[in-house]
Amino acid sequence: MKKLEGLEWSGDEEKSKDDDLAEWPRPVPWRNIDAEGLDCDYALLFTQEEADSLFGRLETEVVYLTGHEARVQVFGKVHDIPRKQAVYGEPGLNYTYSGVTHCARQWTPTLEYIRDAVTKVTGQVFNFVLVNRYKDGQDHMGEHRDDERELDPLCPIASVSLGASRDFVFRHRDARGRGARRMEPVKLQLVSGSLLLMNPPTNTYWYHSLPRRRAVLQPRINLTLRRILSSEGKVGLMTRPPAPPPAKQALCSFETEDE
Ligand SMILES: O=C(O)CCC(=O)C(=O)O
């Protein structure tokens, strides 16, 4: 596991000698949340001090999408995304959101650190992260499912929250629209330092959203760690895909960390 200076549990030489054997330095108090077709686990992974430190580091490291990459088209109208977004992961991976494909930037040290911490406590390997930054409670995310075809259906989506606490709402797909079933939404509060695991088949049956909350004045960063399958259906490091068509190439023109 990569070390991060200043974080108490990252400077332990004994543990860093054999990263694969190193354990998380304290028990993780998991709480299971379940409903019909919904299976989530929630725990406080980082202390408030650690969460504050990670938040500060991400504020200096993460490069958010701008310009047309930060816009979406809904019913033919173009809107700014009501938050900031960034995508990081293994080289060659990309993420398609609202019809626009974004190439993953190389992991930053702090993103790598958080990814490895989540792997340590879950045993799951992630190769991609979507970063969302909400400047305050006006920023939000509409109802959707993380059910893209390229996601490994067997891997949970791991959501790490840092900064302001925010409400998070699940709604069953059958509870939407005309003739909807009467089913209670499942509401959680995601606090700073928390980890929410959305285990399969949650994203098949349940939509989730981060509603607007005017009373929230502080910023929040959320990371959703995911495992994307390569075109051959294998998990893990990707080789760069063949050159994308010109329209998408333009979206991949940022510089990597080494350049
Ligand atoms: O910020 C959040 O907690 C929500 C993130 C989310 O729904 C997503 O990345 O799909």
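A residue is buried if 20 or more other C-beta atoms lie within 10 Å of its own, exposed if 12 or fewer, and partly exposed in between; C-beta atoms are placed from the backbone. Gly67 has 6 other C-beta atoms within 10 Å, so Gly67 is exposed. Ser98 has 12 other C-beta atoms within 10 Å and is therefore exposed.

This is a predicted model: local features need pLDDT of at least 70, side-chain atom pairs count only at pLDDT 80 or more, and totals for chains, interfaces and linings use all residues. Residues are numbered from 1 along each chain as its sequence is written.

**Overall make-up**

The protein chain has five helices and 15 strands. Helices (H or I, at least four residues) and strands (E, at least two) are DSSP runs, numbered from the N terminus. Of the 259 residues of the protein chain, 31% count as buried. Two residues are in contact if their C-beta atoms, placed from the backbone, lie within 7 Å. Among contacts between residues at least 6 apart in sequence, 76% join residues at least 24 apart.

**Two loop residues**

Gly67 sits in the loop between H2 and S3. Ser98 sits in the loop between strand S6 (94-97) and strand S7 (100-103). Not counting residues up to four places away in sequence, Ser98 touches Val72 and Gln73. The table gives a C-alpha distance for each loop residue.

| Pair | Separation in sequence | C-alpha to C-alpha |
|---|---|---|
| Gly67 and Asp80 | 13 residues | 8.9 Å |
| Ser98 and Arg71 | 27 residues | 8.9 Å |

**Sheet and hairpin**

Two strands pair if DSSP finds at least two bridges between them. An open sheet of seven strands runs in the order S1-S2-S13-S10-S15-S8-S5, with antiparallel pairing. Strand S1 (31-35) and strand S5 (84-89) stand at the edges with a single partner strand each, so one side of each has no neighbour in the sheet. From one strand to the next, the twist averages 20°. Axes are lines fitted to C-alpha atoms, for helices over the stretch in contact, and angles run from 0 to 180 degrees between N-to-C directions.

Within this sheet, strand S2 (residues 38-44) and strand S13 (residues 194-199) pair antiparallel over six bridges. Cys40 has Met198 as its bridge partner in S13. Helix H2 (residues 48-61) lies across strand S10 (157-163) and S15, at about 95° to S10. Helix H3 (residues 109-122) packs on the sheet and touches S5, S8, S10, S13 and S15. The direction of H3 makes about 125° with that of S10.

Strand S3 (residues 71-74) and strand S4 (residues 77-80) run antiparallel, joined by four bridges. The bridge partner of Val72 in S4 is His79. The hairpin of S3 and S4 has two residues between the strands, and Phe75 takes a positive phi near 45° there.

**Core**

A nonpolar core is a set of buried Ala, Val, Leu, Ile, Met, Phe, Trp, Tyr and Cys residues joined through C-beta atoms within 7 Å. The largest one has 41 residues; Tyr88, Val118, Val129, Val131 and Ala158 have the most contacts inside it. S2, H2, S5, H3, S8, S10, S13 and S15 each give two or more residues to this core.

**Ligand shell**

Which strands each supply at least two residues of the shell around the ligand? They are strand S8 (128-134), strand S14 (206-210) and strand S15 (220-226). Residues around the ligand include Asn132, Asp146, Phe168 and His208; a residue is near a molecule if its C-beta atom, placed from the backbone, lies within 6 Å of it.
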